[in-house]
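Good morning, and thank you for coming.

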Amino acid sequence: NSIWVSTDHDEIEKVAKQFGAQVHRRSPEVSQDSSTSLEAIREFLNHHHEVDIVGNIQATSPCLHPSDLIKVADLIQKEGFDSVFSVVRRHQFRWSEVKKGENKMTEPQNLNPAKRYRRQDWPGELYENGSFYFAKRHLIEKGYLQGGKMAYYEMRAEHSVDIDIDIDWPIAEQRVLSFGYFGKEPLKEVKLLVCSIDGCLTNGRIYVTEDRKEMVSYDYRDVVGIDLLKKRGIQVRLISERDCSKTLSAMQLGCIAKVSATNKLQVLEDWQKDMGLSWKEVAYLGNEESDVECLKKAGMSGVPADACALAQKAAGYICKSNGGCGAVREFAEHIFLLLEKVNSVRKQ
């Protein structure tokens with residue numbers, strides 16, 4: 001019925017409202033490092049007496065799909081369960097822990113070593129994965145997220161991604177690209193990448209010689225990235241607010257370019273219409289305030305790691321590489337992962 005973000009942070013509130021969520025401002029008492037989700041939810045209910053059921057989804061589970069949440073809501077609203085939580089099936093053999101200094105042997109917990117079977121032939125076990133907890137108000141007021149007439153909801157393994165520590169992050173990124181939710185519209189292949197020259201293809205620095213000639217540097221990895229995109233049938237076009245035609249000529253990239261572009265969005269729209277593309281088929285890599293509207297329009301958008309704050313907020317992907325240091329190649333790899341996703345959906 002309503003979607004809320006609970007936070008004590010001004011920037012998070014701003015982003016939440018930008019995407020259509022309502023915001024509950026947490027009190028300092030439930031905003032500590034040791035605060036639990038349950039404490040925050042109970043405070044929310046104290047301010048919202050009209051709420052009967054709470055679905056608490058975790059920000060650390062980025063592959064959660066709307067279809068799962070709809071089915072879980074039905075379990076509570078139509079089938080009478082008081083609480084429903086997410087689980088995932090694991091095929092892992094468990095052994096008892098032997099602490100250092102203890103004079104004993106480990107023991108099997110869920111297998112018989114004398115009759116060991118292949119893990120793929122074993123039905124496995126259900127583990128709570130923390131993606132979501134749905135519960136009725138009366139349970140939460142008593143201090144429970146699980147209780148009463150309980151049910152679990154088994155999520156598909158590819159959608160069960162939990163970020164607990166730093167090393168989980170890159171794994172989650174790849175899972176989101178492969179299995180994440182891309183909206184109701186059918187996925188489409190990217191047909192055009194438009195890249196801002198200064199600050200993306202180059203590092204933004206301009207060297208001026210004594211005879212007033214300009215020089216810039218670029219990363220050969222980015223040239224390789226552009227070539228790979230072309231080989232995959234993706235057009236690459238370049239755009240710049242300044243006149244850098246001589247620099248482009250020297251780089252010999254073989255890309256259509258628009259320099260001295262006072263209105264980048266207009267140029268992007270003209271290219272999109274001329275090529276007969278939907279916005280889902282357009283990718284944009286930018287780094288400055290002048291790129292923000294283009295980043296918002298494009299179906300796939302990215303910025304280098306050192307892009308300005310406004311551009312980072314508007315982008316769907318923030319590269320780990322700085323501009324002129326491999327960001328174009330990295331964004332190309334990001335596009336290739338989407339293409340793999342498109343092909344996978346088509347095969348299905």
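Let us start with the largest nonpolar core, which has 31 residues. By nonpolar core I mean a set of buried Ala, Val, Leu, Ile, Met, Phe, Trp, Tyr and Cys residues joined through side-chain atoms within 4.5 Å; buried means under 20% relative accessible area, exposed over 50%, and partly exposed in between, with a 1.4 Å probe and protein chains only. The members that touch the most others are Leu 193, Leu 201, Leu 229, Leu 238, Leu 253, Phe 331 and Ile 335. Elements that give two or more residues to this core include β7 (192-196), α7 (220-231), β10 (235-239) and α12 (327-347). Helices (H or I, at least four residues) and strands (E, at least two) are DSSP runs, numbered from the N terminus. Which element gives the most to this core? It is α12, with nine residues.

Before going further, I must state that this is a predicted model, in which local features need pLDDT of at least 70 and side-chain atom pairs count only at pLDDT 80 or more, while totals for chains, interfaces and linings use all residues. Residues are numbered from 1 along each chain as its sequence is written, and side-chain values use heavy atoms, with hydrogens and water left out.

Consider Leu 229 next. Not counting residues up to four places away in sequence, Leu 229 touches Leu 193, Ile 234, Val 236, Ala 332, Ile 335 and Phe 336, where contact means heavy atoms within 4.5 Å. Apart from this core lies another, of 21 residues, among them Leu 268, Trp 271, Cys 294 and Ala 315. In soluble globular proteins, nonpolar side chains tend to be buried together.

Is Lys 191 buried or partly exposed? Lys 191 is partly exposed, with a relative accessible area of 32%, and it is found in the loop between α5 (168-179) and β7. Lys 191 and Gly 233 are 42 residues apart in sequence, yet their C-alpha atoms are 7.1 Å apart in space. Beyond its neighbours within four places in sequence, the contacts of Lys 191 include Gly 233, Met 275 and Glu 281.

Finally, the whole chain. The protein chain has 12 helices and 14 strands. Its radius of gyration, taken over C-alpha atoms, is 26 Å, well over the 20 Å that the globule rule gives for 348 residues, so the chain is more spread out than a compact globule; that rule is 2.2 Å times the number of residues to the power 0.38. Buried residues make up 41% of the 348.
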